[in-house]
Amino acid sequence: MTITEYPLTTQSTGPYSIVGGPDGALWFTEIHAGRIGRISVDGRTNAFPLPTPDAGPSIIVAGPDGALWFTENKANRIGRITTEGRVTEYALPTPNAGPFGLTVGPDGALWFTEMTANQLGRITLDGTVPEFPLPSPDAFPSFITTGSDGALWFTENKANRISRMGPDGQITGYTLPTPGAGPVGITAGPDGALWFVEILADQIGRVTTQGHITEYPLPRSGARPHAITTGPDGALWFTQWGSNHIGRITTEGAVTEYAIPTARAEPHGIAAGPDSTLWFAEEAGNIGRLALR
């Protein structure tokens, strides 16, 4: 395994979330600079400022329409950017909702979490936004993904649960075995289950679509895992913000860690790239690439 880092021109822009785009490049949010960045697989970067100042772009995904969609946590908006750099922003109905996690839903719309409003939101490709309150108060919904069962699965950071919203809109919550685990990132695994990180418990979790939960402790304390994705090798890959590592866990629970060359890099988002590698965003000002061979 080899890690290569690509420093951005300005180190304080705060690369945060990253995703493979339809153009064969990687697209990422710059949470402090209020920009969307793009990096080619050979390391060339450029950036697109957002119309709204101090927007706080957070999570970015590839949309079903060939554009990139992202949450603007501070601006209370959902953004869309074409691969040519044209940006559209959509304001949310609820003030100060705190949009954060984002995924393409099974219905072809974009679904997102509203952390401070305790809701899920749905945005169609034409910008229509209905919202859905969660049954439990102060759940702090964080990341969201679509499961193999065609339902939406999301982490409830403060409520210490993984929850599921079915196609009928019914929400079911599954409390984690470890109290105060602080679930954050979640992704659909190659085994049909959902895999997630427990940032406060230094564990990786797995929940089946029937709600059975297994937890896997990480080798070191203070790892603070943040985001997780399925890699091209059929394992799960995750960032360890606290210990400055990229982690790998097999579907059987075997964990390997890889140190990031830059000290205190603050890795957050991670995604499989079009070149069969893993790419990750370092809030300290780099984009990292981990080659599997």
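**Stop 1: an aromatic cluster**

Select Y16, F100 and F143. These residues form one aromatic cluster. The model you are viewing is a predicted one. In the whole structure there are nine aromatic pairs.

How are the rings of Y16 and F100 arranged, stacked or edge-to-face? They are edge-to-face, with 6.2 Å from centre to centre and 70° between the planes. An aromatic pair counts as edge-to-face when its planes are over 60 degrees apart.

Next, colour the strands. Y16 belongs to strand β2 and F100 to strand β10, so this pair ties together parts that are 84 residues apart in sequence.

Are these two residues buried or exposed? Y16 is buried, with a relative accessible area of 10%. F100 is buried too, at 7% relative accessibility. The cut-off for buried is under 20% relative accessible area.

**Stop 2: a stacked pair**

Select W111 and F132. Their rings form a stacked aromatic pair. For stacked, the planes must be under 30 degrees apart.

This pair also links distant parts of the chain. W111 is in strand β11 and F132 is in strand β13, 21 residues apart.

W111 is buried, with a relative accessible area of 8%. F132 is partly exposed, at 28% relative accessibility.

**Stop 3: the sheet from β10 to β13**

Switch to the cartoon view. Select β10, β11, β12 and β13. These four strands form an open sheet, in the order β10-β11-β12-β13. Their pairing is antiparallel.

Which strands stand at the edges? They are β10 and β13 (residues 131-133). Each has a single partner strand, so one side of each is left without a neighbour in the sheet. Neighbouring strands are turned by 20° against each other on average, direction ignored.

Strand β11 covers residues 110-114, and strand β12 covers residues 119-123. Five bridges join these antiparallel strands.

**Stop 4**

Move on to β14, β15, β16 and β17. Here, too, four strands form an open antiparallel sheet, in the order β14-β15-β16-β17. The edge strands are β14 and β17 (residues 171-175). Each of these has a single partner strand, so one of its sides has no neighbour in the sheet. From one strand to the next, the twist averages 20°.

Select β14 and β15 (residues 152-156). They pair in the antiparallel sense over four bridges. T146 stands opposite L152 in β15. I144 has F154 of β15 as its bridge partner. Five residues lie between the strands of this hairpin. One of them to click is G150, which takes a positive phi near 75°.

Show the side chains of β15. How many of its five residues are buried? The count is five of five. L152, F154 and E156 point one way from the strand. W153 and T155 point the other way.

Five bridges join β15 to β16, and the two strands run antiparallel. T155 stands opposite I162 in β16. β15 and β16 form a hairpin with four residues between them. Click N160 in the turn: its phi is positive, about 60°.

**Stop 5: the largest pocket**

Last, find the largest pocket. It holds about 450 Å³ of space. Select I18, T187, I228, T229 and I270. Of the 27 residues that line the pocket, these are the closest to its centre.

Which elements give two or more residues to the lining? They are β2 (15-20), β6 (57-62), β10 (99-104), β14 (141-146), β18 (183-188), β22 (225-230) and β26 (267-272). Colour these strands and you will meet β2, β10 and β14 again.

Finally, colour the lining by residue class. You will find 16 nonpolar residues, eleven polar residues and no charged ones.

Definitions and conventions
Residues numbered from 1 in each chain as written. Predicted model: local features only at pLDDT ≥ 70, side-chain atom pairs only at ≥ 80, totals over all residues. Heavy atoms only, no water. 1 Å grid on protein atoms, 1.4 Å probe; cavity = no way out; pocket = protein on both sides within 12 Å on 5 of 7 lines; lining within 4 Å. Points joined across faces, edges and corners; volume = space filled by probe spheres on them. Nonpolar A, V, L, I, M, F, W, Y, C, P; charged D, E, K, R; others polar. Pairing = 2+ DSSP bridges. Axes fitted to C-alpha atoms, helices over the stretch in contact; angles between N-to-C directions. Phe/Tyr/Trp six-rings, centres within 6.5 Å; stacked < 30°, edge-to-face > 60°. Buried < 20%, exposed > 50% of the residue type's maximum accessible area, 1.4 Å probe, protein only.
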